[in-house]
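Trainee: I would like to learn how to read strands and pockets in a model. Where do we begin?

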Amino acid sequence: MLRLANRRIIVGVTGGIAAYKSAELIRRLKDQGADVRAVMTAAAQEFITPLTLQALSGNPVHTTLLDTEAEAAMGHIELARWGDLILVAPASADFIARIAHGHGNDLLTTLCLAARCPIAVAPAMNQAMWAAPANQTNIQKLKEMGIKLFGPAEGSQACGDVGPGRMLEATQLADMAADLFPSNILTGKRVVITAGPTREAIDPVRFISNHSSGKMGFALAEAARDAGAQVTLISGPVHLATPERVQRVDVVSAEDMLKAALERVPQTDIFIATAAVADFRPQQAPDHKIKKQDNSGTMTLTLVENPDIVATVARQQPRPFTVGFAAETRDVVNYARQKIARKNLDMIVANDVSRSDIGFNSEQNAVTVIWPQGQQTLELASKSQIARDIVALIAQRLPKP
Ligand code: PMT
């Protein structure tokens, strides 16, 4: 299973005989789907070449803090932000001492200082060095700083000694790295999400639309991505940045959104319709701005019904697991149950949009997730949290392969 799909891991390599195992570690991390970048200290390069790690990771290897070329490509702060995990393997006694004391005298220590993601170290050293009081004090400091300790293992060492200090094997380290990420429940799944409003043209400068900000759909895209899915977000006009590692397709009208959705359905496992699609559009949208004086105090717009995107997706054969949202202002759950049947959906998320603190353009939401044989209420929480809970419920209800 690709337990590290969508994860970005910085493998830090310090100077020690176990550095040769970092090559194997990079392969094991990539086997599990991770995107890997290696950072080597000067001492590490005495044991293994950057070229080896570059070939295995498929990415340039970072070696120096003050390299103008490397900084131009990806600066050290940007690199620190890139990673979802920094895994230093092997971590020498010297490196452990330097991060325990907050040093930033090379690229790897600087990354550890600048990182917002978890840091794990896999110590590798002689058993006497491991047991040395100074090293044990430093290890204690690392634990207090929240740095994870992977190992060391016990056994025979390169120097002939026997005892604790060996670096764990690459497969163990890759599994421990995967264990740090809580959710891989949608690994390998292709998810398409519609988000935001649609705009239906009245003329070239006017349109019919609604208050959807796209926040709920974008939060779902992030939650599905974090659960390991490959995510495409079909978005109406919104003012939100595209979540990292999510493919975004911008559309304007309901008809554009339908076209973008149907193009992707054959390659989709889960379709989530969060968008507030305009139910109607003006029958005609002239090429020129409608003049006020062409109307005598009133104006009549003839509206025609838009295609129902989620219902059309649910009619395809084969069809993805199809999830709708129901924006209602009264009798919310009852109306949502009618919609799940009418649109032939696998699940629907009932959203009370009469409240100003949830639903349209709010930071929070509270919903009831409904499927044919059951339902679950998700109490008031951030849209990110609600999205994670919806993704967990979808994963539970997906047909088993
Ligand atoms: O974007 P935010 O500001 O974060 O707000 C989030 C939200 C309130 C928009 C969202 O949580 C929500 O409730 N989305 C559904 C809005 C809606 O249009 O509901 P509906 O009950 O009218 O539609 C039911 C379902 O059919 C929805 O999944 C909708 O995407 C889909 N639909 C509707 C009409 C249409 N022509 N095609 C569709 O696919």
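Mentor: With pairing: two strands pair if DSSP finds at least two bridges between them. This is a predicted model, and in it strand S1 and strand S3 (residues 85-91) run parallel, joined by 4 bridges. Glycine 12 stands opposite valine 88 in S3.

Trainee: Over how many bridges do S1 and strand S2 pair?

Mentor: S1 pairs with S2 (residues 35-40) over 6 bridges, in the parallel sense. On that side, glycine 12 has valine 39 of S2 as its bridge partner. S1, H1 and S2 also make a right-handed β-α-β unit.

Trainee: Are the residues of strand S1 buried or exposed?

Mentor: Buried means under 20% relative accessible area. In S1 (residues 8-13), 6 of the 6 residues are buried, so the strand is largely enclosed by the rest of the structure. Arg8, Ile10 and Gly12 point one way, while Ile9, Val11 and Val13 point the other way.

Trainee: How do I describe a pocket?

Mentor: Give its volume, then its lining. The largest pocket holds about 780 Å³ of space. It is lined by 41 residues, and Ala275, Ala276, Val277, Phe325 and Ala327 are the closest to its centre. The lining divides into 20 nonpolar, 14 polar and 7 charged residues. S16 gives the largest share of it, 4 residues.

Trainee: What is the volume of the second largest pocket?

Mentor: About 340 Å³. Of its 18 lining residues, the closest to the centre are Ile17, Ala18, Ala124, Met125 and Ala158. Helix H1 (19-31) and strand S7 (162-166) each supply at least two residues of that lining.

Terms used
Residues are numbered from 1 along each chain as its sequence is written. This is a predicted model: local features need pLDDT of at least 70, side-chain atom pairs count only at pLDDT 80 or more; totals for chains, interfaces and linings use all residues. Side-chain values use heavy atoms; hydrogens and water are left out. On a 1 Å grid over the protein atoms alone, a cavity is a set of points where a 1.4 Å probe fits but cannot get out, and a pocket is an open set with protein on both sides within 12 Å along at least five of seven lines; lining residues have an atom within 4 Å of a point. Grid points are joined across faces, edges and corners, and a volume is the space filled by probe spheres set on the points. Ala, Val, Leu, Ile, Met, Phe, Trp, Tyr, Cys and Pro count as nonpolar, Asp, Glu, Lys and Arg as charged, and the others, Gly among them, as polar. Buried means under 20% relative accessible area, exposed over 50%, partly exposed in between (1.4 Å probe, protein chains only). A crossover is right-handed if, with the strands pointing away from the viewer, the path from the first strand over the helix to the second runs clockwise.
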